[in-house]
Amino acid sequence: GTHGGLRSRRAARIPVLFALRPALARGRKSLPQALAGLPLILPRAPEDVARQVSEYLAEAGLDARAAAEVPDMETARRLALSGHGVAPLNAFTFANSRPDGKLVALEAGRPTGITQSVWISTAAGRLRPNPVAERLFKSFGKEIMTS
């Protein structure tokens with residue numbers, strides 16, 4: 001849509017998974033029941049993810065209250081890394097924090113249906129296809145789905 005002279009379009013939807021320390025993940029059932037009794041670290045931003053996580057928990061009949069509400073996904077990732085609970089992370093953020101082996105995804109990141117939208121904004125009337133940006137987003141999407 002167009003807003004204040006800017007035109008936006010969704011460039012990608014990144015899958016969101018539930019990340020936590022391996023010790024917290026041991027013996028967990030399948031999603032969404034695997035989340036029962038785990039402290040949830042809920043990032044308030046991006047708002048679309050926070051809303052979808054709350055809806056996901058409510059539909060599963062799980063207590064939708066978060067143990068901690070934090071401003072953003074990076075703060076949630078750090079708290080999950082330090083063993084404070086489970087955090088919804090987009091697959092890109094999760095993949096980038098994997099090398100240390102300290103985070104795993106519940107059910108190996110099986111799709112939850114929760115996604116984070118990535119938007120591109122340009123000045124209204126100037127939205128022309130950018131071949132470099134298009135290639136980047138295509139490879140970005142592939143990389144996320146395969147990690």
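Buried means under 20% relative accessible area, exposed over 50%, and partly exposed in between, using a 1.4 Å probe and protein chains only. This is a predicted model, where local features need pLDDT of at least 70, side-chain atom pairs count only at pLDDT 80 or more, and totals for chains, interfaces and linings use all residues. Residues are numbered from 1 along each chain as its sequence is written, and side-chain values use heavy atoms, with hydrogens and water left out.

**Helix H3.** Helices (H or I, at least four residues) and strands (E, at least two) are DSSP runs, numbered from the N terminus. The buried residues of H3 are Met73, Ala76, Arg77, Ala80 and Leu81. They fall within an arc of 135° seen down the axis of H3, so they line one face of the helix. That arc is taken from the directions from the helix axis to the C-beta atoms. At the N-terminal end, Asp72 caps H3. Just after H3 comes Gly83.

| Residue | Place | Value |

**The core.** A nonpolar core is a set of buried Ala, Val, Leu, Ile, Met, Phe, Trp, Tyr and Cys residues joined through side-chain atoms within 4.5 Å. The largest one has 32 residues. Helix H3 (73–81) is among the elements that give two or more residues to this core. Val86 is among the residues with the most contacts inside it. Leaving aside neighbours within four places in sequence, Val86 is in contact (heavy atoms within 4.5 Å) with residues including Phe18, Leu35 and Leu106.

Key: A polar contact is a pair of N or O atoms within 3.5 Å; within protein, one must be able to donate a hydrogen and the other to accept it, and residues adjacent in sequence count only if both atoms are side-chain atoms.
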